[in-house]
Amino acid sequence: MTTYIIRRLLYCVPIVFGVLLLTFVLFVVIGGDISIEIAGKGASQETIDEIREEYGLNEPLFLGWDSQFINHFKNALTFDFGRARDRELVIDKIKRGVGPSLALTVPMFFAVVVIAVSLSLVIAFVHGSMWDIFAVVVCIAGMSVPFLSFILFGQYFLAYKWGLFPIFFSSDLTMAQNVALPVLIGVAAGLGGNVRFYRTVMLDEMGRDYVRTAFAKGLSARRVLFKHVLKNALIPIITRMAMAIPFLFLGSLLLERFFGIPGLGYLMVEAIGARDYSVISAMTYISAIFFVVFNLITDICYSLVDPRVSLE
Amino acid sequence: MSERKQIIETRRPPKGRSLWKDAAGRLRRRKPAMVCLGVVIAYFLLAGSIHVGEFFDLKVGPTLWAEQVGRSYAPPSSKNVLGTDIFGQSVLRKTLYGAKISITVALCASLISIAIGVPLGAVAGYFRGFVDEVIVWLYSTLSSVPYILLILAFAVVLRDKTLFGYKVTGITAVYLAIGLTSWVGICRLVRGEIIKHKDREYVMAAVSYGCSRRRIIFRHLMPNVLHIVIIDFSLRFVAFVHAEVILSFLGLGESDRPSWGAMINDARMELSRGVWWQMAAATAAVFFFSLALNIFGDALRDSLDPKLRIQ
């Protein structure tokens, strides 16, 4: 067991290295010298030189102990991402954004899972009927509407026209009031794909022998569905949930942008507008770290639960 | 004599149908899928004909999208079926023109991701060992960054950069960003399939003939995993169209020509004034294309790979 955990930990090292290499190549090698852009139009040579000095752009790219390559790694591993365009520390910005982002994504995530799993159980039960076909078509239709349209029409009708929700984030309201509509829209948009996925999972289980036995014993449909099928279908459901959890920290780019929720998605959109490489690079790195760590935890949990799992 | 001949005739094994013919037959029996295929082909023809029209500088409908056809924000009427936008340009023409941008982007991105993912997956799956480890490391790295963040990072950095003496502008940055980041899925699929196939008898036979490794991978193994590439291509195309809409919306796409994402971006301010037609037109355009491609892609998967069939 201990060897498994140690080996699994060592396996993370090349991935983190790879992500750092990727951000280095993208933002330093291809991105290039952005000092003139940061300084703005009509800046003096002195200002540009100062900026170059601060961002370490005068150092050599690869060779030497003080090269940009080494510095990039050093900064990332100590979570020191420098300052954003508005002179605030990038790491402070990110810390501030996590709260609102989670307030939006966590309820959205659990609502989608609960609703989608229950719906898919019902659909799996009427499998093969007209209702089943209807449900699948509705799911595919829901997946085909662009996410942006969900947001725009939702905001326009539910908030602007009928006044059911606040249109825009405001610090006077409670967080629950602020995120109610974004959560609702996110759930509506995410339901199609999720119901379809869970339906396939449920149908896989419905075909098993134990289901036939349970029905043959004379158990009610509700009992078979919720006691037997659901329990056995939990493994793929939990796998899918575990994969999605690290992404919750990212927030939702578009929902936060439209409702003015000051989370990480909003931060990201702002950074794209300003071409603020330090923020985008830091976000890429941190989200990758989250992903790697959560993967590690789920893998270890799996190996604790299921002794057959081992690292090849 | 004739009887014996007949016996020989009947003993001859029935002529087998190839995978492709078999799949085509199965597809043809599914009427909804064929309708969807028609819709998809119509979109592709539209995009293609706009390319041709622009190339020869023809003055027809969509290529004249910049022309002012009425007053600003005219609602839909018999003259302008889908109304006009802020500059009095026809929304119908803009929507049709948007098909060209979206489909070009999705097609180029798909081709890039296939060109990277398929050979890498095949090589990794066939040779295993060190090569495999490097390629797996490469795609594990890419897939540990959230997809949308990765595309955005690539699009932001590549935009308005000069690479190898070629200036990356507008939609080129978009399809490069999507293509360079989304080969992971197909690479993983092809690798897994090649690993499954490489110990089969037909590969052993090819090895014993003395075929070169390149020939084994590309002439013997490739045709047997091609259906996976095609299925993945058809289902991923939808995701690319949606990604293009989001990137254009965030201002990373084509800036001076109409696209569906840019139209939705314009509509953000218009909706509160009751101008819904531009929004509705762009949404409908994306909706019908993805609906048709989704349904057709599922049918294609069921026909080409019966083992994968979802009930």
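Is Arg275(A) buried, exposed or partly exposed, and how many other C-beta atoms lie within 10 Å? In this predicted model, Arg275(A) is partly exposed, because 17 other C-beta atoms lie within 10 Å, a count between the limit of 12 or fewer for an exposed residue and that of 20 or more for a buried one. Arg275(A) is placed in the loop between helix H12 (264–274) and helix H13 (277–305) of chain A, and its phi is near 50°, a positive value in a residue other than glycine. Most residues other than glycine have a negative phi.

A positive phi, near 50°, is also found at Arg128(B), again a residue other than glycine. Arg128(B) follows H4(B) and lies in the loop between H4 and H5 of chain B. Arg128(B) counts as partly exposed because it has 14 C-beta neighbours inside 10 Å.

The largest nonpolar core contains 155 residues, of which Ala153(B), Phe154(B), Ala155(B), Val174(B), Ala177(B), Ile264(B) and Phe296(B) touch the most other members. H4(B) provides the largest share of this core, with 15 residues, while domain 1 (2–77) and domain 2 (93–305) of chain A each contribute at least three residues. Around one of these members, Ala177(B), the contacts beyond four places in sequence are with Ile151(B), Phe154(B), Ala155(B) and Leu158(B); Phe154(B) and Ala155(B) are themselves listed among the core residues that touch the most other members.

Another of those core residues, Ile264(B), belongs to H11(B), whose buried residues are Trp260(B), Gly261(B), Ala262(B), Met263(B), Ile264(B) and Ala267(B).

The contact between the two chains involves 37 residues of chain A and 34 residues of chain B. On the side of chain B that touches chain A, the elements giving two or more residues are helix H5 (129–143), helix H6 (147–158), helix H10 (213–249), helix H11 (260–270) and helix H12 (277–304) of chain B. The largest share of that side comes from H12(B), with eight residues, and by class the side of chain B is made up of 23 nonpolar, nine polar and two charged residues.

Within chain A, the domain assignment gives domain 1 (2–77) and domain 2 (93–305), and the centres of these domains, taken over C-alpha atoms, are separated by 34 Å. Contact between them brings 15 residues of domain 1 of chain A together with twelve residues of domain 2 of chain A. Helix H1 (residues 2–30) of chain A gives the most to the side of domain 1 that touches domain 2, namely eleven residues. Sorted by class, that side of domain 1 of chain A holds eleven nonpolar, two polar and two charged residues.

Note on methods
Residues are numbered from 1 along each chain as its sequence is written. Chains are lettered from A and ligands numbered from 1 in the order in which they are written. This is a predicted model: local features need pLDDT of at least 70, side-chain atom pairs count only at pLDDT 80 or more; totals for chains, interfaces and linings use all residues. Domain bounds come from an automatic or database domain assignment. Two residues are in contact if their C-beta atoms, placed from the backbone, lie within 7 Å. Helices (H or I, at least four residues) and strands (E, at least two) are DSSP runs, numbered from the N terminus. Ala, Val, Leu, Ile, Met, Phe, Trp, Tyr, Cys and Pro count as nonpolar, Asp, Glu, Lys and Arg as charged, and the others, Gly among them, as polar. A nonpolar core is a set of buried Ala, Val, Leu, Ile, Met, Phe, Trp, Tyr and Cys residues joined through C-beta atoms within 7 Å.
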